[in-house]
Each structure stands twice: as C-alpha cells, then as structure tokens.
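Student: I have a structure open and would like to learn how to read it. Could you walk me through its features?

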Amino acid sequence: MSPSWNDVRADFPILHQQVNGKPLVYLDNGATAQKPKAVIDALVRYYERDNSNVHRGLHALSMRATDAYEGARSRLARFIHAADPAEVIFTRGTTESINLVARSLGAKLKAGDVILATEMEHHSNLVPWQQAAKASGATLRFVPVVGANAEGGLDLAALDQLLTPQVKVFAFTHISNTLGTINPVAELCRRARAVGALSVVDAAQSVGHTPLDVQALGCDYLAFSGHKMCGPTGIGVLYGRRALLDQLAPDETGGGMVASVDFDGARWKPAPERFEAGTPNVADAIGLGVACDYLDALGRDAIKRHDHALARRAYAELATLPGIRLLGPTGERGGLVSFAFEHVHAHDVVTFADEDGVALRGGHHCNQPLMRKLGLTSTTRASFYLYNTPEEIDVLIASLRRTLKFFQA
Ligand code: 7TS
C-alpha cells in the first residue's frame, strides 16, 4: 500500500505558498528538504518544555533533555540499522562527518598509502581527503566515471587496478547529487575490505530516500545530513563501526568527551562522547529523530518508488526538449535529474523557472572536477522528494519550454 502523497503535502506548511504569484513547486530537494509539522513542533516543544544542557545535570529538565537526546541517538541507530547506538555520532552534517573521519583517519596515514575516491564526489567528500593526503603524504586516486554524459557510472573494471593493498581508505558516494547514479555500495565495501581498506560512504543523497542498512552494506563509516531527510539544519550523523571508533583519535577536544583530566593531559571517553566535544545540538538531534519516525511511518521503500518514478518521468519528458543534454544513467537512478541546454545558461533556466514558482538549482553542484571532465561549467538540476507530484513535472516542463522559446533555443 502506497501512502496518499497528497495527504503528505498537507504535513509540510511551507509548500502551501505562492512564489511570484504561482504555486510553489519545490524541486531543490537535493540541496535541502522541507520539514513536516511534526519536526517543527518537536523543536518548539523541546525549547518550550525541556531545554537544558545534557549529560551534566541531575535536575529534571537536564535528565529529560538527556533522555530525549540519547533517545534520538537510538532512533537514528535503528533508522540505519546500526548494531549499537554508540556507533551514531552527532555532527553538523555530512561535511563535518567526513572532515572528522578524514582528519582522524588521515592522522594514521603515511607516504605510500593511497586514499581512493571517485570522480563523482561532492566537494565535501573530496576536499577533506585532499587535505588528509597533503597532511600525511598519502596519494589520492579516483575511480573514473564512464560515458560521455557519465551515464555509465563508475568504471568498475578500473577498480580492479585501483583497489590495491596500498589503499587504506575508499571514500565514495551512495547516490551522486549531480548524476543521480546509484552506486553498488555493498559491492564497493566488500571489495574495499578484501584489500584491507576502510570504506567511507557519503549517504547525503540516499539515507532519506531509500531503505539503508549499514550492516547489510558492510560499510565502516557512513555520513549524512539531517536537513536533506526532512530533519533540521545543523545536525547530521557519522556512523562508524564500534570497534573502529574506539581506536580512532578524537578530532576536537574539550568538555563532555573526556573521562578524566589532569593539568598535563586527558583521557578520552569511548564513542560516541569521544567525538562530541562541547554542548551538542540537542534540539536538532531530537528533531532528526522525529524526522526518522516521519519517514519510516511512510516507508522508505514507498518513498524510493515515488522519487524514482518522478525522476524517470522527468527524465523521459526532459528528453523531448530541443538541445538538451541529460546527465547520468539512462536506467535506474536516484530521485534527481541534471541537464544542460546547448544555448541557455543554467542560471537563466533557474531564474526563469523561479518566475513560474519552480525552485531548481543551477551551477556546478559542488562537483567542479566532474563538470570539467564532462566539458560543462554548470547544469540545471530538478530533485524530487516525497511531497512532489507528476503535475509538478508538467509545470517544470512548461516553464522550460517558455525559457527555450524566449531564448529561441
Ligand atoms: N555529499 C553529497 C552527495 C551532497 O549532495 C551534499 C550536499 C553533501 C555531501 C554536503 O552536505 P552538507 O549537508 O554537509 O552540506 N549537496 C548539495 C547539493 O547538491 N546542493 O546543495 C547541497
């Protein structure tokens, strides 16, 4: 049974507005998703009733806040099927999660070691590894994407040569934010493990859109952001296998993460506290737990089918437009489509769409090296989520036709 997607729209107050005199059509979900009332209410409730610092207080409010914060951790662990809530570290989001793991793992790397990434990584899963390579003397290599429009995805044949015993870390995205490619995460993790490399998965575009089980995937680390899965901004997760986290040095130090301190040194608590120095983002962690409830009540299988059906429909309709170049796989893809017109700049496309109430994204999508490889400076991207409808794709296509006509392209 699929949920009633029109009832879903009623849960999102922001969707019921006009932009430039037109009903809002929000197709920028790859950048950030909208928030259901349940999540917004949870934030207000927390600040109105329970707000207090966690872990340090023995009074009622502090205990309530601590229970709710740790409850959110357990909820997140269930959401990704982690074996233990201690494997869930709260961070600001994907970027902070990857920086944490890149700096902490990077400290263990040396010249001769290899960090393997892919050509389709978001800058957040690229630049931290460049920095780790520079700091340690390790070499950074990339699994190529294949096909003129990267429609072939990762070159898995090249992986055989690239995944040598020198590779200590293999960092890759689950779903590409520019191409929509869905990478075979379980296979990539298995192949990394076979050469003794640790896998780091960027799940920013996947975790709120598809069922995800870290144990079934067999990943060592996995990063995601709350705001792309109907949760608040400023909160995200780094998942790490317990045995690995307890051997990893903390990245930030200070209060809350130390077991004991002398004037000349300190001893760390185990994970997750070891990686959460200072007062954490309590309210937003609680809000993210509520976002998990919201998504699971609908069912991530159903959300995935819905998103993917919209992306397939959009891809087919976009393909009928003149002078369009569609990026990424022609078959199964995540819930987004990225495209470029021969004669109209992406920023013009986005500006014209905005006049029609349609929110799109145009630019390099933090994938500059990939764009260069594809001979592009920018694309336009429509990215879908649970509250989008087929009718909104019709509005998008009509808007694009108007733009093409204006530019006589
Ligand atoms: N990784 C991927 C695959 C992403 O799509 C993004 C954000 C990030 C990492 C970074 O997430 P953050 O929450 O830490 O910023 N992607 C996009 C996008 O496609 N448009 O705006 C942000």
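Tutor: Gladly! Let's begin with domains: their bounds come from an automatic or database domain assignment. Keep in mind that this is a predicted model. Here the assignment gives domain 1 (5-30 + 300-408) and domain 2 (41-296).

Student: How many Å lie between the C-alpha centres of domain 1 and domain 2?

Tutor: The two centres are 28 Å apart. Where the domains meet, domain 1 brings 34 residues to the contact and domain 2 brings 35 residues.

Student: How do I judge the size of such an interface?

Tutor: The size is often expressed as the accessible area lost when the parts come together. In this model, domain 1 and domain 2 bury about 2800 Å² between them. Carbon and sulfur atoms account for 52% of that area.

Student: Which three residues supply more than any other three of the area that domain 1 buries against domain 2?

Tutor: They are R300, L370 and Y385, which supply 26% of domain 1's buried area there.

Student: What about charged pairs?

Tutor: Side chains of opposite charge can pair when their charged atoms come close. Two salt bridges are found across the interface of domain 1 and domain 2. Elsewhere in your reading, look up E119 and K373, whose side chains form a salt bridge at 2.7 Å, N to O.

Student: How many salt bridges does a search of the whole structure find?

Tutor: The search finds 26. One to look at joins the side chains of E276 and R73, at 2.8 Å from N to O. This pair links distant parts of the chain, 203 residues apart: E276 sits in the loop between strand 14 and helix 10, while R73 belongs to helix 3 (residues 60-79).

Student: Now the ligand. Which of the 16 residues around the ligand come nearest?

Tutor: Those are T95, D202, Q205, S225 and R381. For D202, a polar side-chain atom lies 2.5 Å from a ligand nitrogen atom. K228 also places a polar side-chain atom 2.9 Å from a nitrogen atom of the ligand.

Student: What is phi of A150 near?

Tutor: Phi is near 60° there, a positive value in a residue other than glycine. You will find A150 in the loop between strand 7 (145-146) and strand 8 (153-154).

Terms used: Residues are numbered from 1 along each chain as its sequence is written. This is a predicted model: local features need pLDDT of at least 70, side-chain atom pairs count only at pLDDT 80 or more; totals for chains, interfaces and linings use all residues. Side-chain values use heavy atoms; hydrogens and water are left out. Contact means heavy atoms within 4.5 Å. Buried area is the accessible area (1.4 Å probe) that two parts lose on being put together, summed over both. A salt bridge is a side-chain nitrogen of Lys or Arg within 4 Å of a carboxyl oxygen of Asp or Glu. A residue is near a molecule or strand if one of its heavy atoms lies within 4 Å of it. A polar contact is a pair of N or O atoms within 3.5 Å; within protein, one must be able to donate a hydrogen and the other to accept it, and residues adjacent in sequence count only if both atoms are side-chain atoms. Helices (H or I, at least four residues) and strands (E, at least two) are DSSP runs, numbered from the N terminus.
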